[in-house]
Amino acid sequence: MLTIENLNQAYGGSHILRGLSFEVKIGEVTTLLGRNGVGKTTLLKSLMGLVKTKSGSITFDGKDITHLPPHQRVKAGIGYVPQGREIFPRLTVEENLLMGLATKPGNTPIPQRIFDMFPVLKQMMHRRGGDLSGGQQQQLAIGRALAMGPKLLILDEPTEGIQPSIIKDIERAIRMLAETGEMAILLVEQYYDFAESLADQYLLMERGEFIMRGRGETMPHDGVRKRWRFDSGLLAWHAALPFVVVGDGGFGSG
Ligand SMILES: Nc1ncnc2c1ncn2[C@@H]1O[C@H](COP(=O)(O)OP(=O)(O)OP(=O)(O)O)[C@@H](O)[C@H]1O
Ligand SMILES: [Mg+2]
């Protein structure tokens, strides 16, 4: 469905993505884990054509899309739910969903399955997007990406800042979409349990490279959680380090 080969990306002089290769398969959820700033969103933006790739190739549905502009990737069947949701706050829920149909002929209706999945969107159809709660906005952003019937759905940290009950609804929706067997899902996450429960395949990223990867069912035995905790712990330790060093330096020089 989606094949990435040796993908490299840089912002100015800083090399962000380093020779990434992986495949996202239809009927599966591929989860990409990685802590803050490792390059997860940059990878998704590269897949959507929102940032230029330096080298490598992206093949979707048998076609090379490496140099296609974003709107043509959407038209080709890639739905994208960006980090932070990015719904249109001044437009109603209905208008937001219709924006998701922009690549379809004018009178295409909003697919009923979006309302079956997230009934709250039906109830709040005429409310402004900006007046919805964070969790409802996330459901709206997913609904908008689903409106045009994508073959690949890309989600960037859908659980970020969202209450547990809505996280459960989103988890159910993602599982259901994958199980139709008609869609591939690429999910970026930092919420480990959510990622593990959904993963058919996992990738763990560190500084623009994959340091672990495998099948979802082996995640608990592969020690991914431990590695994840270690990295997060290391981060906390790094954050505390300047104070330790400054303290020692102060005593030494005094
Ligand atoms: N437009 C940009 N110009 C320059 N550097 C950028 C730009 N966008 C992101 N970066 C840098 O690239 C690196 C990767 O950022 P990215 O947003 O891909 O990380 P992330 O893994 O999605 O992090 P988070 O979990 O916090 O969302 C970071 O060091 C970030 O500061
Ligand atoms: Mg990000």
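A residue is called buried here if 20 or more other C-beta atoms lie within 10 Å of its own, exposed if 12 or fewer, and partly exposed in between, with C-beta atoms placed from the backbone. Val24 has 23 C-beta neighbours inside 10 Å and therefore counts as buried.

Before going on, the conventions. This is a predicted model, in which local features need pLDDT of at least 70, side-chain atom pairs count only at pLDDT 80 or more, and totals for chains, interfaces and linings use all residues. Residues are numbered from 1 along each chain as its sequence is written, while chains are lettered from A and ligands numbered from 1 in the order in which they are written.

Back to Val24. It sits in strand β2, residues 14-24; strands are DSSP runs of E with at least two residues, helices are runs of H or I with at least four, and both are numbered from the N terminus. Setting aside neighbours within four places in sequence, Val24 has contacts that include Met1, Leu152 and Ala184, a contact being two C-beta atoms, placed from the backbone, within 7 Å.

Next, the sheet. It is open, has 6 strands in the order β6-β7-β8-β3-β9-β10, and its pairing is mixed. Strands pair if DSSP finds at least two bridges between them. At the edges are β6 (78-81) and β10 (209-215), each pairing on one side only. From one strand to the next the twist averages 15 degrees. β9, residues 201-206, pairs with β10 in the antiparallel sense over 6 bridges, and Gln201 has Arg215 in β10 as its bridge partner.

Two helices lie across strands of this set. α1 lies across β3, β6, β7, β8 and β9, at about 150 degrees to β7. α6, residues 134-146, lies across β6 and β7, at about 165 degrees to β6. Those angles run from 0 to 180 degrees between N-to-C directions, with axes fitted to C-alpha atoms, for helices over the stretch in contact.

α1, residues 40-48, also gives the most to the shell around ligand 1, with 3 residues. Among the residues surrounding ligand 1 are Tyr11, Asn36, Lys40 and Gln83; near means a C-beta atom, placed from the backbone, within 6 Å.

Last, backbone angles. Most residues other than glycine have a negative phi. Glu86 has a positive phi of about 50 degrees, and so does Glu157. Glu86 is in the loop between β6 and α3 and is partly exposed, because it has 13 C-beta neighbours inside 10 Å. Glu157, in the loop between β7 and α7, is buried, with 22 other C-beta atoms within 10 Å.
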